[in-house]
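Biologist: I'm new to this one. Can you put it up so we can go through it together?
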Amino acid sequence: MSADPPDRSITRRSFLKKTALAAGAAAGLISCNPVVPAGRRKFPGRIMGADWKTGHMLLEGRKTAPSATVKTGIVIVGGGIAGLSAARELAKNGCGDFLLLELGGTVGGNAASGANAVSAYPWGAHYVPIPGEEAVFTRELFRELGIIEGYDSKGLPIYNEFYLCADPMERLFIHGRWQEGLVPNIGISGRDKQQYAEFFGMMEGFRRARGADGRRAFAIPLELSSADERFRRFDRMSMRRFMSVNGWDSEPLLWYTDYCCRDDYGSTLDDVSAWAGIHYFAARDGRASNAEPQAVVTWPEGNGWIVRRMAEPLHDRIRCSSCVLNIGRSGSDIATDVFDSRTKTVTRVVSQAVVYAAPRFTAMKTIQDLRDRPSPYVKDFGYAPWVIANITVRGIPAGKGAALSWDNVVYKGESLGYVDAGHQDISYYRDKTVMTYYKPLVPGDPAAERKRALGTGYDIWAEMIVRELSAIHPGIEQAIEELNVWIWGHAMIRPVPGFIWGEARQAALKPLGRIHFAHSDMSGISIFEEAQYRGIMAARAAVNSV
Amino acid sequence: MAYALLLSVFIISTCGLVYELTAGALASYLLGDSVTQFSIIIGVYLSAMGLGSWLSRHIVRNVITVFIEVEMLIGLVGGCSSALLFTLFEVSAYFRSILYLLISVTGVLVGLEIPLIMRVLKNRFEFKDLVSKVFTFDYIGALFASLLFPLILVPYLGLIRSSFMFGIINVLVALWALRLFKDEVRWAKGLAGTAFFLLALLATGFVWSGSILQFTETLGYKGDIIYAKTTHYQRMVLVRDADSLQLFLNGNLQFNSRDEYRYHEALVHPGLGSIKEPKDVLVLGGGDGLALREILKYGTVRSVTLVDLDPAMTNLFRTHETLVALNKGSLNSPKVKIINADGFVWIRENRRLFDFIVVDLPDPSSFSLGKLYTSTFYRFLDRALAEDGVIVIQSTSPFVARKAFWCVVNTLRSVGLETTPYHVYLPSFGEWGYVIATKRPFVMPDRFMPGLRFITPETAKAMTGFPPDMGEVATEVNRLNNQVLVRYFEEEWARYVR
């Protein structure tokens, strides 16, 4: 896209001329930039992410004997949103005696982020919808961080306008052009429209619905949802089945709902519980004084912005590059052995309680009791693998139709498309930006996809991503300055049918002595509000248990 | 020789179809509505071919000579057609008529080719073989062209160069035929000379097609271009026409020296003239120094900060003799500090207070410009404004874009500012709107400095009245997260220029 032309006056002639020149320029552009043969990369990049290093650290650490012992009140394992929320909760309530142990080099977990000279960019979670009625913790946090600046006379929160996602928010590449919004509206039939109306009408009904217990049918945090069987029964069927029992077979509608499932849960219509699928549409009821109800807050670095502000006041109690080897007993206390991958030393941290805020599947490896008596529910915790790429480009990716938006999706595309990391930039002129490309690895078996992804080299990923983007932005390869890839082997918990309201999650939620489980895994859906809720609740339980 | 002629059937039918497709594509680009354009072009072209075939019966002698002449004519007309049409689109009001005339001429000439060539070949084959062979090659040529055009020609050569290239091929066919039949052709030397001249002409066109495209751009301006430059941010073109000087940015008129004083007097004096002792002034945009010229007429003003994104713009208006004469050297005044920065980024960092703030930015025609009209931006303006200061904002045409204009007013009100909208008539632009925003109620001055050419207490008073066709309408507030202003603006201007 060229800079938007400053206008004081538009005449028909100048408008038509622009079109003609654009046509000529397009023809010229292609002739100047012949397709570069595959295999000859012109840009630097590498694979990020550290899944493969963990096993190595465990092996190395277990060979080392603890060289020191320290005591603390509470140990928090994991520095993602759940762990940071737990730490913040402890600090707020005068229980400052804790240590947060993070495996990676920095905190953030799924809200990891990076930056280069052009922009900061997310390596994972990149927005939070404005919180609704039940998301009290999120609203409190937003007020503390200045995301909510105050309240108007009606009590509605006033959001910082630099953080509210700027317009235009979403566009969809369909039938060769970009349309505004993600629900397909080009080339759809009357029948499609009819089904859209039915589907969105039903979702709106669910948004307002309350169960016999007076609670909202679908709430965030989901623990506060109604227990009414009228709604919970949806957890026992797949979203695909839910669509089909309602007689919805419209291709664009099925594509859209499948896209939403892949976007929020990293899984297809077939693998997502209908309760979770409906939750995506019906749970968000946030309102604001200065934004539409479906608004979201976002930053160039995504939720990394929140992470930095949550972690700042806690920095002296956060230990990064700390691989937990074992959580066992030490008399009446809990002994956590930690391997510091920088100093190559092992420390024993003795505490009265533990908040386990790392992904739940890792507990089977680190907690002594779980290793001795494996839980029969281990297999029910399944994780979706994802690939994220950050692509720095010269020029701004435009195309025919709607202008570059925050979220740019391709109808029936292999990936989820890309987010413009520079979207919140207020400058008039941008000559470069970073495109954050998201791709859940579906529809194959997650374990097989994970293995394949980790075994795939950089060149193949780069080639695949560039080829996919070239279909919507011809010639983009010439504009790429850098392309990095992050492979998340266990990106998010999969809310498969039966998981959210089934036994496995309930069993896994129970504390093991004074080890309390946090993490969004414990909710079954991987969103900011759930991670935060689990972290705060586990911190409170830990305080109560000592 | 017979097969050589059949090969030429293949070539000329390829050329013929390429001209047709070129015309169709060009008409779609320039006029829009590709289905209509392609249908009409194909219809006109085919019927013209029919006319050509019918006309061929009137050619009784020297068939081969006429064939060679026809080839050269097609080369000339078809070859130059794209360049001609692109150029004429800018200058002619009869573009459609010229388009269809050109298509018809090409069609008639192409329609002559096959009948003529069949007559040349009639003694060399049996009739059934002749028909079968000629049409086979004709249709293969058509297939070849229809694949070549979208896959190779448009993407790699572009329309103008493709036309020139196929013009050259037609002339080469003529030269080849000339060689084959050199004993039967009259004035062979003269024809050959003409052919080489055409070849040179078309080859020049092929090589210079890039410049032709640029030249067509300059034809959009009436008058002489005295300065043109593509900067990092925009294309600036300065045009002199008779005694007036006009500045275009990306093809859009920014001012005409004949009536710019109306725009700039109306922008500056109502606001600045209302302040008792204005000292510090901020101008956002306005890199032409013309608003600045008006501001510097106030002796009490001790400092003006001008924030304009494009250094090429402020440098040009600081150094170009004619322009310095126009803005009275305002950008070189020691009171003026020029900052080449993004307006939003700058005001967000700014902590200074100003008595008078001029916002002279381009209309909100895109999302990146729409940000400069949001409640968030206005909150920063409010923060930078002294307690009894005045902000003035150029706010597009309240006649053409009524909702857009009142959206600016409502957005200013939403951040707690008092507003005084007004409008003036600018011959070069039409009805134009401004909004004054203040922290306290604004009173229009009843006296202005002497020497103004447009603003008087009477004109100033008349400016604040809005007739019903531009009267206030309810709108949403323009925010970063809804950009409603850009949507209003696009909709209203699109309706106006249609």
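Biologist: Which residue forms a salt bridge with B:E277?
Modeller: B:K279 does. The closest N and O atoms are 3.6 Å apart. Keep in mind that this is a predicted model.

Biologist: Which partner does B:D382 have?
Modeller: B:D382 forms a salt bridge with B:K439, with the closest N and O atoms 3.1 Å apart. This pair links distant parts of the chain, 57 residues apart. B:D382 sits in helix α14 of chain B. B:K439 is in the loop between β11 and α16 of chain B.

Biologist: How accessible are they?
Modeller: B:D382 is buried, at 19% relative accessible area. B:K439 is partly exposed, at 26%.

Biologist: Which residues are joined into one network by salt bridges that share partners?
Modeller: A:R88, A:K92, A:E140 and A:E144.

Biologist: And how many salt bridges are there over all chains?
Modeller: The count comes to 45. One of them is between the side chains of A:D271 and A:R494, at 2.9 Å from N to O.

Biologist: New topic. Which charged residue is buried yet has no salt bridge?
Modeller: A:E102. The nearest side chain of opposite charge is A:R342, and that is 11 Å away. A:E102 is in the loop between β4 and β5 of chain A.

Biologist: What lies 2.7 Å from a polar atom of its side chain?
Modeller: The backbone nitrogen of A:G79. Beyond its neighbours within four places in sequence, A:E102 is in contact with several residues, including A:G78, A:G80, A:R319 and A:S321.

Biologist: On to strands. Which way do the residues of β17 in chain A point?
Modeller: A:A353 and A:V355 point one way, while A:V354 and A:Y356 point the other way. All are buried. In general, side chains in a regular strand alternate between the two faces of the sheet.

Biologist: What does β17(A) pair with?
Modeller: Strand β3 of chain A is joined to β17(A) by 4 bridges, running parallel. There, A:I76 stands opposite A:V355. Strand β23 of chain A is joined to β17(A) by 3 bridges, also parallel. In β23(A), A:F517 is the bridge partner of A:Y356.

Biologist: And in chain B, what order do the 7 strands of the open sheet follow?
Modeller: β7-β6-β5-β8-β9-β11-β10, with mixed pairing. β7 and β10 stand at the edges with a single partner strand each, so one side of each is left without a neighbour in the sheet. Neighbouring strands are turned by 15° against each other on average, direction ignored.

Biologist: How many bridges join β10(B) to β11(B)?
Modeller: There are 9, and the two strands run antiparallel. B:H423 stands opposite B:G433 in β11(B).

Biologist: Which helix packs on the sheet?
Modeller: Helix α8 of chain B, residues 260-272. Helix α8 touches β5, β8, β9, β10 and β11 of chain B. Its direction makes about 155° with that of β8(B).

Notes: Residues numbered from 1 in each chain as written. Chains lettered and ligands numbered in written order. Predicted model: local features only at pLDDT ≥ 70, side-chain atom pairs only at ≥ 80, totals over all residues. Heavy atoms only, no water. Salt bridge = Lys/Arg side-chain N within 4 Å of Asp/Glu carboxyl O. Buried < 20%, exposed > 50% of the residue type's maximum accessible area, 1.4 Å probe, protein only. Lys, Arg positive; Asp, Glu negative; His and termini not counted. Polar contact = N/O pair within 3.5 Å; in protein donor to acceptor, adjacent residues only side chain to side chain. Contact = heavy atoms within 4.5 Å. Pairing = 2+ DSSP bridges. Axes fitted to C-alpha atoms, helices over the stretch in contact; angles between N-to-C directions.
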